[in-house]
Amino acid sequence: MGPVTAPLLSEPGETLWLRVDAGLPMAARREAARLARRLGLGPDRVASVEIVATEAATNLQRHAVDGALVLRVALDGEHAALDILATDTGPGIPDLSAALRDGSSSTGTLGVGLGAIARLADVFDIHTLPGRGTAVLARFHADGEQPACASGVEIGGLTRPIGGEEMCGDTWAVRYAEEPARSAEGAGDPLLAMMCDGLGHGPQAALAGEVARNAFRTSRASRPQAVLEDLHRALRGTRGAAVAVVRVDFPGRRVEFAGVGNTTTCLVADGRRSSLLSSPGIVGAHLPRTRTVVAETGPGAVLVMHSDGLSDRWAPGSFPGLFARRPPVVAAQILREAGARRDDIGVLVLKEATP
């Protein structure tokens with residue numbers, strides 16, 4: 001008998017992108033409350049979600065040059081949370097410490113400010129680049145408490161469909177490489193991470209992404225090249241996809257990579273990035289003889305994977321302080337900077353959990 005399918009850790013939950021317009025605060029409040037109730041949050045915590053979503057939306061409306069509010073269901077093993085993520089293209093926050101003082105408001109918003117958002121949320125994080133843009137994360141855990149990180153790795157990703165489409169052909173997923181063994185919780189065990197870009201966009205691209213994600217979830221393979229072969233068989237009859245798979249072992253300071261098609265995978269450390277290169281081809285149509293790339297990782301390394309909806313020319317050095325932030329904030333800032341192309345977008349970030 002073959003090995004038991006390893007447990008899934010994370011994949012995109014329901015994600016809503018709300019653009020800045022006159023109705024943003026009301027829409028943000030309504031949709032955030034809907035998702036919070038769906039996750040089982042009680043009335044008091046739903047009220048906190050509504051306050052945070054409304055204030056974040058109002059801040060975007062009154063301060064930002066352009067931006068969006070992202071509401072997403074985040075998964076970490078068996079735990080679920082609601083992320084409220086505000087991202088904008090400027091002007092940034094010149095005095096972050098003043099903006100974080102509870103009750104601070106510079107232009108007559110609700111007056112609760114970023115400080116109260118930080119107080120009400122279970123998890124708060126922010127990164128700002130004056131003149132360029134800001135990402136603010138407020139997370140509410142479904143069980144009311146921040147659980148211990150199931151894998152010892154923080155995971156965060158975003159997907160966004162091309163304008164005019166509701167379905168996104170880009171997707172990602174993370175699971176244990178094998179049954180957790182190093183500890184009862186699985187912390188420190190190797191993970192497999194996948195980034196998939198279904199060819200084209202719209203429903204058929206989204207179908208390819210869904211098939212790839214399902215095949216990744218059920219594959220019994222524990223090495224990237226073998227996972228790609230499983231996905232190739234599953235994707236026959238679809239449009240096909242560009243796919244990258246990484247086996248991540250942060251405690252062992254090692255990653256293994258195999259990829260086919262145009263995606264970007266890189267390790268970021270000490271202000272520099274090292275890319276792991278894919279082979280030409282289309283998973284589901286033409287799978288070349290792939291090669292496994294092995295790379296060593298040092299302390300503090302961050303793994304970034306994204307589709308070609310983002311330019312791969314971004315440089316870590318242009319984001320001072322970003323890679324110490326939580327993965328959803330890292331993903332949002334890279335997407336803001338590099339996601340100008342008219343295409344579906346997927347971006348995934350993994351890093352060792354901080355104590």
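Q: Why is E14 called partly exposed?
A: E14 has a relative accessible area of 28%. Buried means under 20% relative accessible area, exposed means over 50%, and partly exposed is what lies in between (1.4 Å probe, protein chains only). With 28%, E14 therefore falls in the middle class. This is a predicted model, where local features need pLDDT of at least 70 and side-chain atom pairs count only at pLDDT 80 or more, while totals for chains, interfaces and linings use all residues. Residues are numbered from 1 along each chain as its sequence is written, and side-chain values use heavy atoms, with hydrogens and water left out.

Q: What makes the pair of R38 and E14 a salt bridge?
A: The closest N and O atoms of R38 and E14 are 2.3 Å apart. A salt bridge is a side-chain nitrogen of Lys or Arg within 4 Å of a carboxyl oxygen of Asp or Glu, so this pair qualifies. R38 lies in helix 1 (residues 24–38) and E14 in the loop between strand 1 and strand 2, so the pair ties together parts that are 24 residues apart in sequence. Helices (H or I, at least four residues) and strands (E, at least two) are DSSP runs, numbered from the N terminus.

Q: How do you know that R34 and E31 form a salt bridge, and where do they lie?
A: Their side chains meet at 2.8 Å, N to O, which is inside the salt-bridge limit. R34 and E31 both lie in helix 1, three residues apart, about one turn of the helix. R34 is partly exposed at 35% relative accessibility, whereas E31 is buried at 18%. Through salt bridges that share partners, E14, R30, E31, R34 and R38 are joined into one network.

Q: What does the salt bridge of R217 with E11 tie together?
A: The closest N and O atoms of R217 and E11 are 2.9 Å apart. R217 lies in helix 5 and E11 in the loop between strand 1 (8–10) and strand 2 (15–19), so parts that are 206 residues apart in sequence are tied together. R217 is partly exposed at 26%, while E11 counts as buried at 11%. By this rule the count comes to 20 salt bridges.

Q: Why is helix 5 called oblique to helix 6?
A: Helix 5 (residues 203–218) and helix 6 (residues 224–235) pack at an angle of about 135°, with their axes 9 Å apart. Axes are lines fitted to C-alpha atoms, for helices over the stretch in contact, and angles run from 0 to 180 degrees between N-to-C directions. Angles under 35 degrees count as roughly parallel, over 145 as roughly antiparallel, 65 to 115 as roughly perpendicular and the rest as oblique. The angle of about 135° therefore makes helix 5 oblique to helix 6.

Q: Which residues make this contact of helix 5 with helix 6, and how do they divide by class?
A: Helix 5 brings A208, V211, A212, A215 and F216, and helix 6 brings V227, L231, A234 and L235; contact means heavy atoms within 4.5 Å. By class there are nine nonpolar, no polar and no charged residues. Ala, Val, Leu, Ile, Met, Phe, Trp, Tyr, Cys and Pro count as nonpolar, Asp, Glu, Lys and Arg as charged, and the others, Gly among them, as polar.

Q: Why is helix 2 called roughly antiparallel to helix 4?
A: Helix 2 (residues 43–63) and helix 4 (residues 113–120) pack at an angle of about 150°, with their axes 10 Å apart. That angle is what makes helix 2 roughly antiparallel to helix 4. In this contact, S48, I51, V52, E55, A56 and N59 of helix 2 meet G113, L114, I117 and L120 of helix 4. The residues divide into six nonpolar, three polar and one charged.

Q: How do you know whether A138 and T265 are buried or exposed?
A: A138, in strand 6 (residues 133–141), has a relative accessible area of 1% and so is buried. Residues that A138 touches include V52, L82 and I117. T265, in strand 12 (residues 263–269), is buried too, with 2%. Among the contacts of T265 are A244, F257 and M305.

Q: Why is D270 placed in its accessibility class?
A: D270 has 67% relative accessibility and therefore counts as exposed. The place of D270 is in the loop between strand 12 and strand 13 (272–275). Phi of D270 is near 55°, a positive value in a residue other than glycine.

Methods:
Lists of a residue's contacts leave out its neighbours within four places in sequence.
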